[in-house]
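Work through the exercises below with the model open. Try each task before reading its solution.

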Amino acid sequence: MTTPHEAGAFEWLVDEPMLHEPVLVVMLTGWIDAAGAAASAAEALSAECETSPILRFDDDTYIDFRARRPLMELRDGVNTDLVWSTIELRAGRSSSGRDLLVLSGPEPDMAWNRFARAVGDVAVELGVRQMIGFGAYPFAAPHTRSPRLSCTSPSIDVLADVTFARSSVDVPAGVAAVLEHAMHARRIPALGIWVQVPHYVTAMPYPAASVALLDGLTEATGIEVAAPDLRSGIGPQRERIDASIGGNEELLAMLSQLEELHDATADGDTSSGPSLEMQSGDELADEIQRFLRDQG
């Protein structure tokens with residue numbers, strides 16, 4: 001399997017990968033990923049499971065290189081290399097012996113339906129048992145509380161198996177939502193796991209959100225991810241944020257309001273709880289960013 005697949009525009013990089021009921025994890029960059037939490041979670045998962053590429057999608061079919069121009073490596077005037085954006089499927093195995101697939105790279109710029117059909121067909125061919133999508137979005141939540149998870153799925157049965165919050169809203173969709181339907185049409189359970197990131201920290205890494213996604217993966221699939229670097233970074237990041245606002249009574253009052261809002265909505269849905277203007281998050285963000293700049 002080394003030639004491009006005409007219908008799906010992809011190329012196998014290995015011959016007949018031997019996988020047993022793998023779980024497919026999707027994290028394609030380009031849509032909402034507050035603090036880069038979903039990308040960090042997928043990277044930690046991929047590294048820990050020692051994944052390697054088994055399939056690559058045709059760049060010219062799915063990527064607009066005027067929007068995602070390749071990076072030219074120029075050395076003393078010599079054009080030594082071009083680094084292209086690539087969508088690839090990687091395979092690995094968890095510490096407990098579960099086979100895993102990770103779909104990574106940029107979100108396609110075009111041909112979404114064709115892409116979804118191709119991914120769905122590959123999933124069937126490889127015997128995928130379940131699809132999980134990672135995402136992160138800004139939310140009026142305090143950094144002093146554990147991040148909450150919400151979920152999406154075309155299947156009521158899939159939603160019934162997890163404890164994550166559910167919302168009712170009309171929003172623009174990413175390609176992961178399209179893949180959920182492609183999997184559902186092939187009778188492969190599909191679940192999107194989304195973590196709420198405090199809206200005043202979205203410009204910086206927030207490992208607590210990445211860890212929440214990995215713990216959500218464990219709940220949904222049983223796959224455990226140690227991710228020691230992410231977990232060890234939660235405390236220090238919390239301390240830095242605390243220090244950035246600790247001397248400002250007004251910002252502390254805003255944080256207290258966020259905590260009140262969070263605690264009053266145990267299910268993560270703020271529609272029935274107290275409201276708080278998002279502008280307070282902008283002020284918190286400015287103060288935190290000033291503090292971090294002062295700290296170098």
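**Exercise 1.** Find what share of the contacts with a separation of 6 or more comes from residues 24 or more positions apart.

*Solution.* Take contact as heavy atoms within 4.5 Å. Residues 24 or more positions apart then account for 78% of the contacts in the protein with a separation of 6 or more.

The model is predicted: local features need pLDDT of at least 70, side-chain atom pairs count only at pLDDT 80 or more, and totals for chains, interfaces and linings use all residues. Residues are numbered from 1 along each chain as its sequence is written, and side-chain values use heavy atoms, without hydrogens and water.

**Exercise 2.** Describe how helix α3 packs on helix α5.

*Solution.* Start with the elements: helices are DSSP runs of H or I with at least four residues, numbered from the N terminus. The axes (lines fitted to C-alpha atoms over the stretch in contact, angles from 0 to 180 degrees between N-to-C directions) of α3 (residues 112–125) and α5 (residues 175–185) come within 9 Å and cross at roughly 50°. Therefore α3 is oblique to α5; angles under 35 degrees would be roughly parallel, over 145 roughly antiparallel, and 65 to 115 roughly perpendicular. Next, list the partners. α3 contributes Trp112, Phe115, Ala116, Val119, Gly120 and Ala123. α5 contributes Val175, Val178, Leu179, Ala182 and Met183. Sorted by class, ten are nonpolar, one is polar and none is charged; Gly counts as polar.

**Exercise 3.** Is Asp76 buried or exposed?

*Solution.* Locate Asp76 in the loop between β5 (71–75) and β6 (78–83). Its relative accessibility is 84%, so Asp76 counts as exposed (over 50%; buried is under 20%, partly exposed in between, with a 1.4 Å probe and protein chains only). Check the backbone too: phi of Asp76 is near 50°, a positive value in a residue other than glycine.

Note on methods:
Helices (H or I, at least four residues) and strands (E, at least two) are DSSP runs, numbered from the N terminus.
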